[in-house]
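Good morning, and thank you for making time for this presentation.

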Amino acid sequence: MHRVGSTGNTSNSSRPRREKRLTYVLNDANDSRHCSGINCLVISKLSLLGGNDYLFSGSRDGTLKRWELADDSAVCSATFESHVDWVNDVVVTGETLVSCSSDTTLKTWRPFSDGVCTRTLRQHSDYVTCLAAASKNSNIVASGGLGREVFIWDIEAAMAPVSRTSEAMDDDTSNGVLSSGNSVLSGTTVRSTNATNSASLHTSQLQGYTPIAAKGHKESVYALAMNDVGTLLVSGGTEKVVRVWDPRSGAKQMKLRGHTDNVRALILDSSGRFCLSGSSDSIIRLWDLGQQRCVHSYAVHTDSVWALASTPNFSHVYSGGRDLSLYLTDLNTRESLLLCMEKHPLLRLTLQDDSIWVATTDSSLHRWSAEGQNPPKMFQRGGSFLAGNLSFTRARACLEGSALVPVNTQPSFVIPGSPGIVQHEILNNRRHVLTKDAEGTVKLWEITRGAVLEDYGKVSFEEKKEELFEMVSIPAWFTMDTRLGSMSVHLDTPQCFSAEMYAVDLNVPDAPEEQKINLAQETLRGLLAHWLSRRRQRLATQVSANGDFPVGQENALRNHISSRIDVHDDAETHIAGIHPAFDFSTTSSPSIITEGSQGGPWRKKITDLDGTEDEKDFPWWCLECVLHGRLSPRESLKL
């Protein structure tokens, strides 16, 4: 998993505490596109905005996007950024958007306004993989994950304002850590920002509210579904069974056996009488919950079934998965039809009128003709077959050469994505990184300013790496990965301060010949330049009635940070201005992933930082470096 930082040494262990990490994610030029696989989709309407349909997508790049849909267009009207790992599922309930992530959190958002994260819900111990909502009860959302946990959330109660205790306020005051504003802020206070389409710094776990736990899962949970009124919940996962719960109490009702592998997708009909399940055993099963048994099984796919979508009257099911196929099946007649073939495994399906949106492990979204309002019309085109009831039926048919011809060969509309980075190599100068994306394009990046230096096109990655080889030795001051489809550069103290270069080698104008520049320090200053500017603006406007500058707040933070660091006598002086080699773009600005003393990890674009963030949000060593030019103790510096 893309782990971010450390929660610190919370036990009585004598092992040294690992300090919080700062990560920055480099974005390519087009920020209106996803750059990794899309795990989840949901369609919603807002009649006040002219009745348009809106498509919300959650991606492995860690972001959600809102698409305003028309007949032949889709405009990205918002990006929701706060999760620090894959977004795995999303639901719209009432006027709230709820998402879940491999970062172990749920987040709530205002879906049709500025896209600000309104609350972060922490209860899961591992990846949160799935959500379920009741369409006629906008207050109930269920979440499940790899920690063998299912929780049922009262969204209204979870989002209620939390009053701070006097004891907590006394703790903050005694520590001398003040916010940039006029009041002491808690980790349980919602921090909204003025930034459009960005997430606010999230809050910590709610005081006084605990969700209902559906206890009894023995293994990981991958799928959830709920009936319209929120009185029935079903769950499935690696236990290979479908469990049925009362979400109002978390009580078990029944357990349905039949699948022989992981249950990956579930749907309930509006009444809660029938349930459809899709499994990695390649079978789709129809369950009658009243009779507590499987009434039909459909062997349509040749590999794992990962996605299901049904017509409103539950007469037909659309299914997709690892075999790249999208099928339409009549649940009564068992007649099935291959609608289309994708180039990547299908992860999620959602119907929109007579079309169906398909999300895959690719970063693009495809809309296909599906006759969702009148599925029998699709069968009139011919090419259907009778679904078997054993998993080997379809596999044997394929081996015997009875290949099916898809009804559609091209999607009716495509929302393009950006190809994610699949390979990278850190060059010896420790400033340049060679990357290769999913389409084979090779690029050279300068990570100290987040810019592409060269686009080599589709060339040999290995040959280009050999061509760029240099006989230089610079300490490894950062680590990186491409789990999010883009470059995530990790800075850990004190290791990140282990590399310096001469200013003349960085082409710093008018620099003395012997001047040295610490790469991590200047990178941090470049990343937080906008934050520092906004911070100074806010402090400058907080002038007291008699015109005195309110230095008390700044001194409180300065004294608190300085007390925690052993500053070397030869620490570098704070150099004014941002050097060109560390000047990050504001048009395709990177995002920061980090955490401070409260609230847990968060993610935000550097241009969306508003200056209110402080030690509760940033690691103390970052602030010490940027505000005062002081670096953490380190063994030695090498050139």
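I begin with a definition: angles between axes under 35 degrees count as roughly parallel, over 145 as roughly antiparallel, 65 to 115 as roughly perpendicular and the rest as oblique. The axes are lines fitted to C-alpha atoms, for helices over the stretch in contact, and the angles run from 0 to 180 degrees between N-to-C directions. Helices (H or I, at least four residues) and strands (E, at least two) are DSSP runs, numbered from the N terminus.

Next, the provenance. This is a predicted model, in which local features need pLDDT of at least 70 and side-chain atom pairs count only at pLDDT 80 or more, while totals for chains, interfaces and linings use all residues. Residues are numbered from 1 along each chain as its sequence is written, and side-chain values use heavy atoms, with hydrogens and water left out.

As an overview, the protein chain contains nine helices and 40 strands. Of its 639 residues, 57% count as buried, where buried means under 20% relative accessible area, exposed over 50%, and partly exposed in between (1.4 Å probe, protein chains only). Contact means heavy atoms within 4.5 Å. Among contacts between residues at least 6 apart in sequence, 56% join residues at least 24 apart.

I turn now to helix α9. Helix α7 (residues 529-541) packs against α9 at an angle of about 70°, with the axes 11 Å apart. The two helices, α7 and α9, are therefore roughly perpendicular to each other. Trp531, Leu532 and Arg535 of α7 make this contact with Leu623, Val626 and Leu627 of α9. By class, the contact of α7 with α9 has five nonpolar residues, no polar and one charged. In these classes Ala, Val, Leu, Ile, Met, Phe, Trp, Tyr, Cys and Pro count as nonpolar, Asp, Glu, Lys and Arg as charged, and the others, Gly among them, as polar.

Helix α6 (residues 519-527) also packs with α9 (residues 620-628), at an angle of about 90° and with the axes 9 Å apart. The pair α6 and α9 is therefore roughly perpendicular as well. From α6, Gln521, Leu524 and Arg525 meet Trp621, Cys622, Cys625 and Val626 of α9. The residues of the contact of α6 with α9 divide into five nonpolar, one polar and one charged.

How many of the residues of α9 are buried? Nine of the nine are, so α9 is largely enclosed by the rest of the structure. Among these buried residues are Trp620, Glu624 and His628. After α9 comes glycine 629, whose phi is positive, near 70°.

Let me move to the sheets. Two strands pair if DSSP finds at least two bridges between them. Leucine 328 has leucine 337 in β25 as its bridge partner.

Another open sheet of five strands has the order β35-β36-β1-β39-β40, again with antiparallel pairing. Here β35 (479-481) and β40 (602-605) are the edge strands, each pairing on one side only. From one strand to the next, the twist averages 25°. Strands β1 (residues 22-26) and β39 (residues 591-594) run antiparallel and are joined by four bridges. Valine 25 has serine 591 in β39 as its bridge partner.

My last topic is the aromatic residues. Rings of Phe, Tyr and Trp (its six-membered ring) pair if their centres lie within 6.5 Å; planes under 30 degrees apart count as stacked, over 60 as edge-to-face and the rest as tilted. The structure holds 13 aromatic pairs. Tyrosine 327 and phenylalanine 385 have ring centres 6.0 Å apart and planes at 85°, so this pair is edge-to-face. Tyrosine 327 belongs to β24 and phenylalanine 385 to β29, so the pair ties together parts that are 58 residues apart in sequence. Both tyrosine 327 and phenylalanine 385 are buried.

Finally, ring pairs link Tyr54, Phe56, Phe80, Trp109 and Phe112 into a cluster. Thank you for your attention.
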